[in-house]
Amino acid sequence: MPLLPMILLAALPSMGQDQVTDRIALRFVVRDEVTLRLASPALRLDLGTAELLPLLDDGSLPGDTPGDHIWVADIDLRRVQKLSFTLLDTATGQAQGSASLFLPAADDAVITLRTMEGDPPLVIEGEGGASASGDGSLSTAPAPAPSAAVEGSGDRFTYLLWVVLLLGLLGFGYLRVVVRRLYLQDFLPTWRKLDRWLDRELETSD
């Protein structure tokens, strides 16, 4: 099989696999050491499921100090452009705030929240590369433009562009080899035979 189709067949499946398995590891940190409003907090992620993500303060997760009222949750999920979530206290059944964030192109991110007295009840302290949606549900510091949300697709487009460029260069080189072989094996011998025939005809006519 020629080199060009082999490279194309090898590159395309890996690109498709990257898009299928594109995931991001998120850590949610909720600081409640001032207001002390949370007893058993959890996050409800808007991913089409009703499951809650429990927030822990028992020291079971790396970097967590038990009993400091800083609640932590880790999750690895399929990357989405926009992630919406709601903070709940399962002990009281009350919602403590909600937000929508554009996820970064990085493999992981930390989203730090703080409970507040009054309105809003929850603010973002650190977004770890994510950007807030600006829907008014959370007070946020200036965040990167939402274009960061599509940076992952931009990286894949750049990768695809380089693959196409490489395949084009290889195709041009292969075409040169084919043309040279046709010239040496077909055209040049025929031209020499024609030249010798013309020489004999000219000698005969003289």
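L36 is found in the loop that runs between strand 1 (23–31) and strand 2 (41–45). In this predicted model, L36 has a positive phi of about 55° although it is not a glycine. With a relative accessible area of 48%, L36 is partly exposed, because that class lies between the 20% limit for buried and the 50% limit for exposed.

H69 is partly exposed, at 31% relative accessible area. As background, most residues other than glycine have a negative phi, and most peptide bonds are trans.

The peptide bond between D119 and P120 is cis, with omega about 5°. P120 is placed in the loop between strand 7 (108–115) and strand 8 (122–126).

The strands also hold a buried position. T86 lies in strand 5, which covers residues 82–89. T86 has a relative accessible area of 16% and is therefore buried, the cut-off for that class being under 20%. Leaving aside neighbours within four places in sequence, T86 is in contact with A42, L43, R44, A95, G97 and S98.

Helix 2 spans residues 151–205 and contains L194. L194 is one of the residues that make a nonpolar surface patch of about 730 Å². L194 itself counts as partly exposed, at 41% relative accessibility.

R192 is also placed in helix 2. On the surface, R192 gathers with K193, R196 and R200 in a patch of positive charge. The relative accessibility of R192 is 48%, so R192 counts as partly exposed.

The table collects the accessibility values.

| Residue | Relative accessible area | Class |
|---|---|---|
| L36 | 48% | partly exposed |
| H69 | 31% | partly exposed |
| T86 | 16% | buried |

Methods: Residues numbered from 1 in each chain as written. Predicted model: local features only at pLDDT ≥ 70, side-chain atom pairs only at ≥ 80, totals over all residues. Heavy atoms only, no water. Patch = residues over 30% accessible without salt bridge, like charges linked within 9 Å, V, L, I, M, F, W, Y side chains within 5 Å. Areas by Shrake-Rupley, 256 points an atom, 1.4 Å probe, with all protein chains shown as cover. Salt bridge = Lys/Arg side-chain N within 4 Å of Asp/Glu carboxyl O. Helix = DSSP H or I, 4+ residues; strand = E, 2+ residues; numbered from the N terminus. Buried < 20%, exposed > 50% of the residue type's maximum accessible area, 1.4 Å probe, protein only. Contact = heavy atoms within 4.5 Å. Lys, Arg positive; Asp, Glu negative; His and termini not counted. Charge placed at Lys NZ, Arg CZ, Asp CG, Glu CD.
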